[in-house]
Amino acid sequence: MVRKMGFYAVLAYVLYGLFFYWYFFQLPEPKLPFEYQGTKADPTTFLNGRELMLTEEYSKIRNLLFFLSTPFEWLFYFLILLFGFSKAFKRWAESSTKYKFLHTAIYLFWLSLFAYIATFPLSYISYSLSKTYHISTQSFPAWMKDELIDFWINFGTWLIIVPVLYWLMKKSKKRWWLYGWLLSVPFTLFMMFLQPVVIDPLYNDFYPLKDKQLETKILAMAEKSHIPAKHVFEVDMAEKTNALNAYVTGIGSNARIVLWDTTLNKLNDNQILFIMAHEMCHYVEKHIYWGIGGYLLLSLLGLYLTYRLMNWTVKRYGKEFKIPDVRDIRSLPLFFMIISMLIFVSSPFTNFASRYQETRADQYAIQMTKNPKAAISSFQELTRSGLSQVNPPLLVKIFRYTHPSMLDRISKLEEYEIKQRNNE
Ligand SMILES: [Zn+2]
């Protein structure tokens with residue numbers, strides 16, 4: 001039975017992978033709809049032949065990697081349970097020390113380590129692909145350093161969550177998901193508060209804008225939106241990537257707008273002001289808080305479903321998965337697997353909500369700057385430097401796109417430009 005289940009799981013994964021290979025590489029490219037051809041959103045008008053070809057190649061492979069990696073995690077946890085690794089990790093933990101409070105930590109360490117090793121090839125392929133296409137500028141040691149920081153931050157976070165979770169399960173078999181969720185509310189807020197000042201600086205340096213002339217212009221605009229100057233930062237990304245970006249992060253007194261230095265280096269002042277106005281909308285309209293609110297609501301539903309699914313699975317397949325009881329730490333891979341599946345399934349909805357916010361931010365930005373030329377050319381440059389797809393296939397849009405496609409974004413700006421011209 002165990003071998004059969006393992007065989008079918010691997011087979012399902014391979015078939016799933018083949019489907020996406022066919023979807024991205026065999027199915028003909030979606031053509032740009034007729035009404036967009038020749039407009040400023042049409043990539044043939046602003047990318048040269050070589051850039052067009054690279055964009056197409058690069059995005060095909062990246063899209064495939066995206067769809068392969070999450071279900072690979074599920075397969076990993078499935079096999080870890082099926083072939084008794086989870087049981088072995090627990091045994092190793094118990095035999096390595098007599099201190100009971102360390103058992104969960106050691107178990108978690110082995111599980112994290114195996115998961116890291118299993119998913120390493122896919123992460124490495126992603127990195128080297130990005131390097132080949134001149135997006136990433138990071139050396140292997142620098143990349144590996146970031147990977148190790150990731151590993152320890154993940155491990156540290158789960159080390160706080162997992163013991164509490166299993167303690168709650170033991171205290172209340174039927175309500176642990178609810179108590180767990182109640183505790184997750186202050187924990188999430190606390191982590192969001194710490195993110196920009198404790199976690200992000202482990203990876204990069206953050207400082208006030210270097211270009212003082214530009215800073216004056218940006219701060220003048222920030223003042224119009226009632227954003228205090230101390231909330232605007234520059235981050236050194238040029239040694240890691242050629243891509244451009246800016247974002248809003250943190251909550252309360254740690255809320256801030258961050259501009260990648262690559263964005264500052266590659267765009268002119270008017271283009272930067274447009275990007276900045278876009279980020280200001282996220283800040284002013286408190287999109288982060290809406291995001292956290294939505295996340296907390298979804299996680300309540302998610303934890304309840306996890307509780308139901310874990311009970312069902314252990315009842316039905318407890319023997320094959322070697323989980324005698326949900327409350328036994330051996331069920332942790334099952335917990336991770338279900339959470340990962342639920343996140344994947346809910347991503348079309350969360351992406352949809354995020355695209356709504358992004359559309360609002362674009363509108364706000366163009367109303368604020370009233371310079372569609374600069375806005376359009378900044379998006380064209382964003383597309384070029386990240387080799388991003390202007391018009392991605394449907395499934396990519398649904399599962400991957402937290403922003404509207406560049407086709408939508410640029411053509412909205414072009415509409416504005418036409419309206420503006422007619423009003424003159
Ligand atoms: Zn945005």
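Student: Why is His278 called buried?
Tutor: In this predicted model, His278 has a relative accessibility of 5%. Buried means under 20%, so His278 counts as buried.

Student: What makes Glu358 buried?
Tutor: Its relative accessible area is 8%. The cut-off is under 20%. Glu358 is therefore buried.

Student: How do you know which atoms coordinate the zinc ion?
Tutor: Donors are N, O and S atoms within 2.8 Å of the metal. His278 (NE2), His282 (NE2) and Glu358 (OE) coordinate the zinc ion at 2.0 to 2.1 Å. These distances meet the cut-off, so the three residues count as donors. Water is not among the atoms, so the site may look incomplete.

Student: What spacing do the donors follow along the chain?
Tutor: The pattern is H-x3-H-x75-E. His278 lies in helix H9 (residues 269–284) and Glu358 in helix H11 (residues 332–369). The pair therefore ties together parts that are 80 residues apart in sequence.

Student: How do you know that the span of helix H14 is close to the expected one?
Tutor: H14 covers residues 406–423, which is 18 residues. At 1.5 Å a residue, 26 Å is expected. The helix reaches 26 Å from its first C-alpha to its last.

Student: What covers the buried residues of H14?
Tutor: The cover includes H9, H11 and helix H12 (372–386). Among the buried residues of H14 are Met406, Leu407, Ile410 and Tyr416.

Student: Why are E1 and E3 said to stand at the edges?
Tutor: Four strands form an open sheet in the order E1-E2-E4-E3. Strand E1 (206–207) and strand E3 (246–249) each have a single partner strand, so one side of each is left without a neighbour in the sheet.

Student: Why is E4 called largely enclosed?
Tutor: Five of its five residues are buried, so the rest of the structure largely encloses E4. Arg256, Val258 and Trp260 are on one side, with Ile257 and Leu259 on the other.

Note on methods
Residues numbered from 1 in each chain as written. Predicted model: local features only at pLDDT ≥ 70, side-chain atom pairs only at ≥ 80, totals over all residues. Heavy atoms only, no water. Donors = N, O, S within 2.8 Å, 3.2 Å for Na, K, Ca; no water. Helix = DSSP H or I, 4+ residues; strand = E, 2+ residues; numbered from the N terminus. Buried < 20%, exposed > 50% of the residue type's maximum accessible area, 1.4 Å probe, protein only. Expected span 1.5 Å × (residues − 1). Contact = heavy atoms within 4.5 Å. Pairing = 2+ DSSP bridges.
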